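Thanks for asking me to look this one over.

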Amino acid sequence: MKYIDPHIHMVSRTTDDYQRMAQSGCIAITEPAFWAGFDRSSAKGFSDYFRQLTEYEPRRAALFGIQHFTWLCINPKEADDPAFARDVIAIIPEFLKCDTVLGIGEIGLNKNTRNELIILEEQIALAETHNQLILVHTPHLEDKLKGTRLIMDALRASHVPPERILIDHVEEHTVAEVLDRGFWAGMTLYPDTKMTPQRAADVIEMYGSERIWMNSAGDWGCSDPLAVPKARLELSRRGHTSELVDRVTLDNPRSFLSQSPKFKLKDS
Amino acid sequence: MARQQIPKVPQPPTPNPQPPTNNPQQTTNNKQQTTNNKQQTTARLSADQVRKKRFMKTASSTCPLTRQQVIQQYFLEHRARLLDVAAFLDRLDRSSDSGEPDFRELALRQAVAVLADNQPQRTARILHLLSDHTTDLPQSAHGMKGALGAVRLSEGSTP
């Protein structure tokens, strides 16, 4: 079996996680830029981080036969200071030329503030200017519903086609609206606090397998880099076909990501 | 603070209140009237209502397992999770002070009531219950980086 984990923060994981993922069938990952758990003190810190994402992580993943792609941005948790955020946005275009950069992400909102919204709009414009795919972070917990709607309104105000945008971290109260508005939807699987593999399987049963994917978001918090294969197992043990399992964990990510000419799987 | 209504979740279909008739003409008229009513109703439906109607139509029988198989496969782990919730509430009762209930405790108790109301879409309704429904946007997130998981129900917003 093969699968793609289209949203995982490998800079926070140890090398044996790559090994376990490869042993579980992972052939490719995409890693969005995110918050390190603390606010960086300068744009230079982001420049180093973007080098890590575009130079170091692809080499580490390749040791286990996993292709590593990435997304660049200033994440919503550090986007509340517009002047600082603009300094970071200014260095992104030079990295967009790298062979493994698929687009802008994960951009979005965290606490649904005006400052965050301004920077979101500027990063959507950046994607539009450079014809990039967009990967969207939606806020967590009580802020998700309101934030998801604000983000979709901001995206609709741009000229980026919805089929080139994936809105991640959907849950039962947001998934239908995201799909109905023409976007792709991502479900992020966590061991404790948010969407579980079981609930993700429920969502696929209720809302279908079109324009939807699953990812682990494995990061520095309590998270599971093997969440996607666990969701595959969950679907299989319910009696779903291998075609459906492959569609949501391999074919759909490949379809969306292949809109970037840089996304080419070695075995296809 | 501006507060939106928490979206109502669709209720199960109500039985047709019209008594059956043996008159063919009356039946035809009733069918025509029903069709007209459906068209008018559809025209009035908001996108949200259409989505919910679609959910109600598509959500039944979507899990390939039988009811008995679902029980066999999941009962024990969810029994344990339910006991975790019970133990958490017991722990609150046994806490070392007698402070006022936190807004998250109140929200959790409301969510528990949703579990037992025997209506569909419990997960989505609980997520709505625990969501911020205000429409105002603060300028900055200074001092409030993280999320808390529930809102003060009296205000509909995070503290």
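**Notes on the predicted model**

1. From H4(B), the residues B:Ala107, B:Gln110, B:Ala111, B:Val114 and B:Leu115 meet B:Arg122, B:Arg125, B:Ile126 and B:Leu129 of H5(B). Sorted by class, this contact has six nonpolar, one polar and two charged residues.

2. Now the geometry of that pair. Helix H4 of chain B covers residues 103-115, and its axis lies 10 Å from that of H5(B), at a packing angle of about 160°. Angles over 145 degrees count as roughly antiparallel, so H4(B) is roughly antiparallel to H5(B). The crossing of H4(B) with H5(B) is right-handed.

3. The loop between these two helices deserves a look too. B:Asn118 sits in the loop between H4 and H5 of chain B. Its phi is positive, about 60°, although B:Asn118 is not a glycine.

4. A:Asn131, in the loop between helix H4 (114-129) and strand S5 (133-137) of chain A, has a positive phi near 55° and is not a glycine. A:Asn131 has 11 C-beta neighbours inside 10 Å and therefore counts as exposed.

5. Please also check strand S4 of chain A. A cis peptide bond, with omega about -5°, joins A:Gly105 and A:Glu106, and A:Glu106 lies in S4 of chain A.

6. Is A:Gly108 buried or exposed? A:Gly108, which is also in S4 (residues 101-108) of chain A, is buried, because 30 other C-beta atoms lie within 10 Å. Beyond its neighbours within four places in sequence, A:Gly108 is in contact with A:Pro76, A:Leu120, A:Val136, A:His137, A:Thr138 and A:Ile151.

7. On to the interface: 30 residues of chain B are in contact with 30 residues of chain A. On the chain B side, helix H2 (47-59) and helix H5 (122-129) are the elements that give two or more residues. H2(B) gives the largest share, five residues. By class, that side of chain B has 17 nonpolar, ten polar and three charged residues.

8. Last, the domains. Chain B is divided into domain 1 (65-95) and domain 2 (102-135 + 149-159), and the centres of these two domains of chain B, taken over C-alpha atoms, are 19 Å apart.

How values were computed. Residues are numbered from 1 along each chain as its sequence is written. Chains are lettered from A and ligands numbered from 1 in the order in which they are written. This is a predicted model: local features need pLDDT of at least 70, side-chain atom pairs count only at pLDDT 80 or more; totals for chains, interfaces and linings use all residues. Two residues are in contact if their C-beta atoms, placed from the backbone, lie within 7 Å. Helices (H or I, at least four residues) and strands (E, at least two) are DSSP runs, numbered from the N terminus. Ala, Val, Leu, Ile, Met, Phe, Trp, Tyr, Cys and Pro count as nonpolar, Asp, Glu, Lys and Arg as charged, and the others, Gly among them, as polar. Domain bounds come from an automatic or database domain assignment. Axes are lines fitted to C-alpha atoms, for helices over the stretch in contact, and angles run from 0 to 180 degrees between N-to-C directions. Angles under 35 degrees count as roughly parallel, over 145 as roughly antiparallel, 65 to 115 as roughly perpendicular and the rest as oblique. A crossing is left-handed if the near helix is turned anticlockwise from the far one by less than a right angle, and right-handed if clockwise. A residue is buried if 20 or more other C-beta atoms lie within 10 Å of its own, exposed if 12 or fewer, and partly exposed in between; C-beta atoms are placed from the backbone.
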